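Please find below a colleague's note on the model under review. It is set out as numbered points.

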Amino acid sequence: MVGCTQVAWIKADTKAILAIHEHVITNNERLSVTHNDYNTWTLNVRTVRREDRGTYMCQVNTDPMKSQSAFLEVVIPPDIVYEDTSGDMMIPEGGSAKLICKARGYPEPKILWRREDGGDIIVRTGTTVKTKMTSVEGESLLLSKVTRSEMGAYLCIAANGVPPSVSKRLMLHVHFHPLVQVPNQLVGAPQKTDITLQCYVEASPKSINYWTRESGEMIISNDKYNMTELTVSYYSAQMKLTIRKLKKSDLGGYKCISKNSIGEAEGNIRVYEMDLSKPRTPSEDDEDNAINKFDSEEDDYENRNTGRNSSSNSPALKDQSHRLPRSSSNIIRYINSVMLIPILMLIKY
């Protein structure tokens, strides 16, 4: 504040005299005057309120009179008006929701809407236009044709440049009939091994999830069965059933069932035994082995006959050195090698 010697303090907008010298005139316990040195006077206002805002003048009692004015601006950090602000809301899927958030403060706060998980807010205008926005400004947020993916916590954030900003968390629940998805409807494993069945469940309100045999017998966790459930989002979960040491009586159908106050759904899985003792399907390796076998038999035959007739100058024997090349036709090569037998016998005798 501006300080002067021999001064009086006046609230200019009301013309009210507040203090003269060190004496407070007005009936306001929050005001005081201090005289720090010869020519410095200070008006102190404790616990400033909104009504303290205005022009203050210090007036010097000289001839001619002198004065100096200063304007006091009182800013107020934002505050949520809870009685006028929406609370948690529940709507059916496909319905509409209007979220309201009111705040006070000075300057007037601005309201910004965001999703707590950082996801997009879907704003629909008309019948077909859909816009995804990271934030929406305004006291009200209108959500129409709401889907389950829009379920979650919404934050209304009030800010006016005066710290701190404030926010309120509103939970939007979207209710819908349970949905069960089965990634593998046919699952196999050898006997005496463990096998795991999986189902994905979506439901709101939260559902009761459990497993049964196809006969309707409910499965409970014990040394034979282990059941787990992992929450994926506000409305979805992963169900797992592990069957230990698979045996014949474990084969057959299983059901994962989800129930809530709106309805129920189920998924079906069939467990079968994998027989690892079955012969494997002939492969390319088998064909290559057969080729090598034919080549080996042909080489053995020719080596035996070449050694027996090494002293002969017969052109027929010399022609054996010009064998057919090893081609991809194994059958022709094998037949050619076998046909040499009668020819060699005729030459010998």
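Predicted model: local features only at pLDDT ≥ 70, side-chain atom pairs only at ≥ 80, totals over all residues.

1. Residues are numbered from 1 along each chain as its sequence is written, and side-chain values use heavy atoms, with hydrogens and water left out.

2. The protein chain contains 3 helices and 25 strands (DSSP runs numbered from the N terminus: H or I of at least four residues for helices, E of at least two for strands). Of its 349 residues, 35% are buried (under 20% relative accessible area, 1.4 Å probe, protein chains only).

3. Among contacts (heavy atoms within 4.5 Å) with a separation of 6 or more, 58% join residues 24 or more positions apart. The accessible surface of the protein chain (Shrake-Rupley method, 1.4 Å probe) is about 21600 Å², and carbon and sulfur atoms contribute 53% of it.

4. Strand β17 covers residues 152–159 and is largely enclosed by the rest of the structure, because 6 of its 8 residues are buried.

5. Strand β12 (residues 110–115) pairs with β17 in the antiparallel sense over 6 bridges; pairing requires at least two DSSP bridges between two strands. Within this pairing, arginine 115 has tyrosine 154 of β17 as its bridge partner.

6. Strand β18 (residues 166–181) also pairs with β17 in the antiparallel sense, over 7 bridges. Serine 167 in β18 stands opposite isoleucine 157. The hairpin of β17 and β18 has 6 residues between the strands, and glycine 161 there takes a positive phi near 90°.

Methods: Buried < 20%, exposed > 50% of the residue type's maximum accessible area, 1.4 Å probe, protein only.
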